[in-house]
Amino acid sequence: MGVAADPYPHQIGTVHRILADVKIRHLISDEVGLGKTVQALMIVNALRLQDRKHKTVIVAPERLLGQWQAEAWSRGHIRAAVVGSEEVERGEVPHVLLVRPRDIQDNPSILDPAGRDLLIVDEPQSIQLEVMERVAQMCSGLRTTSPARFRQVLVLSATPRLSDPRWRSIIMEMIEPECTGISQFHSRPVLDHLVEREAAVQSQLANIPDVNVPAQGQLAFFLGSVTRRISRQTRRAWAKYLPERRNETIVFEPAQSEVERLDLIREILHRNPSKHDLSMAPWVQVKAMLRSRRSARAAMEQLNDRTYGNRIDTVRRLASDDPADSRFEALLDLLSSEWSVRPTERFIIVAGDAPTIDMLRAALPRYIEELRDEGAIAVLKRPPSGTEETAVDIQQMHEAITPFVHGQARLLILGDWIQAGLNLHHTSRSIVFYSLPWDPVAVDQLIGRIDRLRRKGLHKGDAGEHFGHVRIWRLIMRGAPEEAVSSVLDTIRVFQRPLPQLSEQDADYVAASIEMAARGNMTPAVLNTLETISGAWDEEGLASRLSEYDPSKPERIAEIVDRLSSAKTIEPSMALDNVAHSDTLQAEQSNEGWLRILGKSGIYQISSRGDRDDPDFRFKTIWYAQGHVGQPVPLSELGTQNWMTDHAVFLTNRHRMSSPPKTKVKTDDGEEHGRLLRFFDHGESIHDELVQGFQRLCRQNFNRSVNNPEFRVIVAEGHHLEPYLTKAVLLSAGYADPVGSINTEVVPEALLEFLKGDMTDAQRARLEADIREFMDGLRNDQRWLNIMLPPLLELRASVLEGDRWMPVPDQSIADLFKPLGLDGRFAPAPRSVPQTRSLVPGALVQTAKAAHEQSIVSAMSTTAKQSFDQLKDGLKTRMKLIGAEYRDLIELRRLQLENRQSDTVGDAQRDMLRGQLLGLQRRVDAAELMLRQRRQFLLDGANTAIKRKPAELWHLQVRFVCVN
């Protein structure tokens, strides 16, 4: 998908599944650290490749938006702009718009489905419930007056709270809107509707012969599984690509003054036996009193002096007499010990709250000399209330962690509110829970900041290399409530492996157990029960009766990856097969070979440079060569004044990317802010303009109707094309691609007829939105055809021997299209490519062209016959899936109509009601027509695509000439 990352098998499998579905409405619920962001960017890139006008909006907690902006550019070649940024304020319309939840609260119209195609919601569980309810309405079109809804939806969350009925209904409304609407009309939870549908589909499998069960089971999964639009991958399934965890618990003795504080905590809990919410008082004060003296002072000020007055006075007096801080001393011992062995190690310290963060930042440099340097400690605290400017807030958070991510900071001190989305694995492998969160989800997410897929992980994992360790420490005060809480967290193994999605019952039991432990009431029976239920947790989240047919299972993903890997490589590739060890590496080497050709052509200046701020970091530059500014292939993002001001910079190799990826580099000392660093691949604008531009030149100069001149290619002595020296060679290329077999741009006339009737503006807007969804469905079907019938490139070459054209052996044809040496480089290399009058009679050339074209058409026809059976079976399945989708939609539309028909109105409102009923009936009729039209368009498109006729046929006469 052109993303600047090595795609892992599970990522390929998920992206393949989503792009091939009949609609894009999915939850990617992979465990922490498995690359959900990269998968989303791969999908965005694929959709942009199909439709250059495609627009995306991303809603995420504001702490994540800076990372989204950086990754969108460095990984996905996409400029993403934040609401409130200068470009948005200027009226520019970015391909990706980043929105924080507070922006939606302030101005719900920011989420305009009419102006954006795809909505991505990242970490919804960290967004306010009322905001997510609004987002869900914009996804479903239910409970809203908006005429349109988002046609494509991706939800990204390792812990989407599917065990909570409120959150489950929100997620399902986003990814299963029709089922949600139907269940609402029947006043029942959407999960009940989905489970009932799944049971009905499963029962139909019982009567199917065993030989047909696998294929029918997969169809049944997509027709009715509760999890048909939920993909979840686990770290256990892909452990070879990940580091191992090492845990160490440091239990320290409390000082005498701290013992009195523990007694106060016990009294507080004793006096509040009915307080069960660990996020409310008095639990907030209890946890604060365990962190630091500063936090304890602030917590005691919030307590009632009449109730605890004498005890509080005693704690304060003892703290004044004995200022010992045993937790802080344990941290000092840990850091000193580790840095004596690993002096360059960087640590993340989870401090819990702002007073403790401030204390650590001020106190640590007094005792550790290495932390006295300016910038040695970075801190990230919860923003107070935010500014009025989203872009400013995000910039401030990004600046807070920059010293740790990009600078020399050795510590990052943060609160336990930092959870999903903050990726720190590029910088650190060590995390210290100075203050242990009592929420297992918070612990899981915080560890996930460093326990993630890493650079070069794909190649290391496939080679069987060990990936090292992430190290996790807990500082636990003996006799404190946290000691018992830590024991509960150990029992459910949250430190050993990621936390799976919990059922509502299990989540409640764990929370109750943590409270019981903190109160000192834990029993062996409860611990045994915790161990039992944690051992039986279903890592798939929601349970499905059809899970055995889930395409997300590792064995099925392996089948998909093997099938894609075994697909014939389109020759001629500018890389040699025996050099590239993966499809990604071959694509990189091909791009590098193509760039060398462009540089040799004299059209562009392409060179290698080092970053002025980091000379060891190398990249390439591109600008026009002298005399070719703006021609023959103009690049819209290159200026035309001079190299110094107008060149672009880019990488071609993923392994040359820094960790974390750079977004800017400097090519000259005079540059103040640097230039945006691109990655040259599909989806990147310069790459795509070059491809399109040279395709256009080929159509103009080498199509079958052109009387081609002969090109002379001068090669040095010893070049591997020496057998063809001085001889006339005809090269022909035929290209077939199912892209365009379905017309996704022109609305069918039958649907336009629906817009010609008498209706209100609101009714017309809703019909127009329905038609946009229909057209989006055609694009979904076109993508599916592209997957089922990959593009074909057939090459032919003949050499003139006397007055007869002799076919070049198949194994040598691709070499004639590559002006490269055997090592894939220009050594020895062609010099120039002058154009001359053909020395071969035109009639003789036309004879060879005709023979080549006949051979190409015949080969493509043979491939079409081989693909027919597979496409025929796939087409039947696709038709059933489309039918099921539209039946749900039609049922919902009819329920809306029947509900309005049952309304009783007065005489004055009857005309209005009659018009509303006509509008609702029109939407029912339109949905029924759309079902027929979509099936017919798919069938016609498949018939067109299966013929596999070459969409492009190009011919080139060459003569290789040797020079000494």
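**Ground rules.** I'm working with a predicted model, where local features need pLDDT of at least 70, side-chain atom pairs count only at pLDDT 80 or more, and totals for chains, interfaces and linings use all residues. Residues are numbered from 1 along each chain as its sequence is written, and side-chain values use heavy atoms, with hydrogens and water left out.

**Entry 1, strand S12.** Is each face covered or open? I take buried as under 20% relative accessible area, exposed as over 50%, and partly exposed as in between, with a 1.4 Å probe and protein chains only.

**Entry 2, partners of S12.** Two strands pair if DSSP finds at least two bridges between them. S9 (residues 347-352) runs parallel to S12, joined by 4 bridges, and S13 (residues 469-477) is also parallel to S12 with 4 bridges. I checked Ile-431: Ile-348 stands opposite it, and its bridge partner in S13 is Ile-472.

I found 5 strands in the order S14-S15-S16-S18-S17, with mixed pairing. S14 (604-610) and S17 (664-665) are the edges; each has a single partner strand, so one side of each has no neighbour in the sheet. S14 pairs with S15 (residues 618-624) in the antiparallel sense over 7 bridges, and Ile-606 has Ile-622 as its bridge partner in S15.

H22 (residues 524-535) has 12 residues and reaches 16 Å from first C-alpha to last, close to the expected 16 Å (1.5 Å times one less than the number of residues). Which residues of H22 are buried? I noted Val-526, Leu-530, Ile-533 and Ser-534. They fall within an arc of 100° seen down the axis, so they line one face of H22 (the arc is that of the directions from the helix axis to the C-beta atoms). They pack against H20 (481-491) and H21 (504-518), with contact meaning heavy atoms within 4.5 Å. On the other side, Pro-524, Ala-525, Glu-531, Thr-532 and Gly-535 are exposed.

Last, I looked at H1, residues 9-20. In H1, 11 of the 12 residues are buried, so the helix is largely enclosed by the rest of the structure. Among them are His-10, Val-15, Arg-17 and Leu-19.
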